[in-house]
Amino acid sequence: MEKTAFPLFQGLQPQDIAQMEHCHCLRQKHFSRRETIFRVGQTTHEIGMVLSGSVHIESVDLWGNKSILSQTGPGQAFAETYAFCNEPLMVDAVAAEECEVLFLDVSALSCPHAEHRWQEQLLRNLLRVSMHKNLALSRRIFCTSPKTVRGRLLTYLSGQAVRAGKPEFTIPFNRQQLADYLSLDRSALSKEMGRMREEGLIVFEKNHFILLHPQELL
């Protein structure tokens, strides 16, 4: 996709992007599936933006239990908070599939050769991106708050239906990834999904869902 279509670059012109490239503030890199982009404990001065594919932001505890905190798709940014705060990462950024990532060095905001107009626009865009990221993290907190498997699954599916504006939708996770996102055991999740299908509440095929009786899920 065109770089000027990125939420982080919204309002910028192609010549602004060219100027950033001239300042060596942008670089592009290809990653294979499951390749680590940023690792826990690492510090970075770059914001990652997905050109193609997708990136998972993951947390792994000392016992190897993994949780997917969020998924970043084409046009979306990640690691912006760590790049600006210069704090060690508390999460891993991992390629969920083969992907291409554009990195923005935060020195772009203080480049002496840059026009102040696009620097200010970039900061405004970054604030907007950060607010959307906070909403995404809040959604996950809502999804993991219920104590039961069904409660977490219902919260997630209900949220997806609201975002889609209809009871039929496709989620961005496979079964294991959904279990990781909801902090559930995959077997327990699969069993609960099976029970809900037998009860005539949902229909699903891989990551495509239909809520048959939304009012009964509340």
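Mentor: Before we start, contact means heavy atoms within 4.5 Å. This is a predicted model, where local features need pLDDT of at least 70, side-chain atom pairs count only at pLDDT 80 or more, and totals for chains, interfaces and linings use all residues. Residues are numbered from 1 along each chain as its sequence is written, and side-chain values use heavy atoms, leaving out hydrogens and water.

Trainee: What do the buried residues of α6 pack against?

Mentor: They pack against α4 (149-164), α5 (175-181), β10 (202-205) and β11 (208-211). Helices (H or I, at least four residues) and strands (E, at least two) are DSSP runs, numbered from the N terminus.

Trainee: Which residues in α6 are called buried?

Mentor: Leu189, Glu192, Met193, Gly194 and Met196. Buried means under 20% relative accessible area, with exposed over 50% and partly exposed in between (1.4 Å probe, protein chains only), so those α6 residues fall under that 20% cut-off.

Trainee: How do you know that the length of α6 fits a helix?

Mentor: The expected span is 1.5 Å times one less than the number of residues. For the 13 residues of α6 (186-198) that gives 18 Å, and the end C-alpha atoms are 18 Å apart, so the two agree. Just after α6, Gly200 has a positive phi of about 75°.

Trainee: What makes β4 and β5 a pair?

Mentor: Two strands pair if DSSP finds at least two bridges between them. β4 (residues 55-60) and β5 have 6, in the antiparallel sense, so they qualify. Ile57 stands opposite Ser70 in β5.

Trainee: Why are β2 and β5 called edge strands?

Mentor: The open sheet runs β2-β7-β4-β5. β2 (36-38) and β5 (66-72) each pair on one side only.
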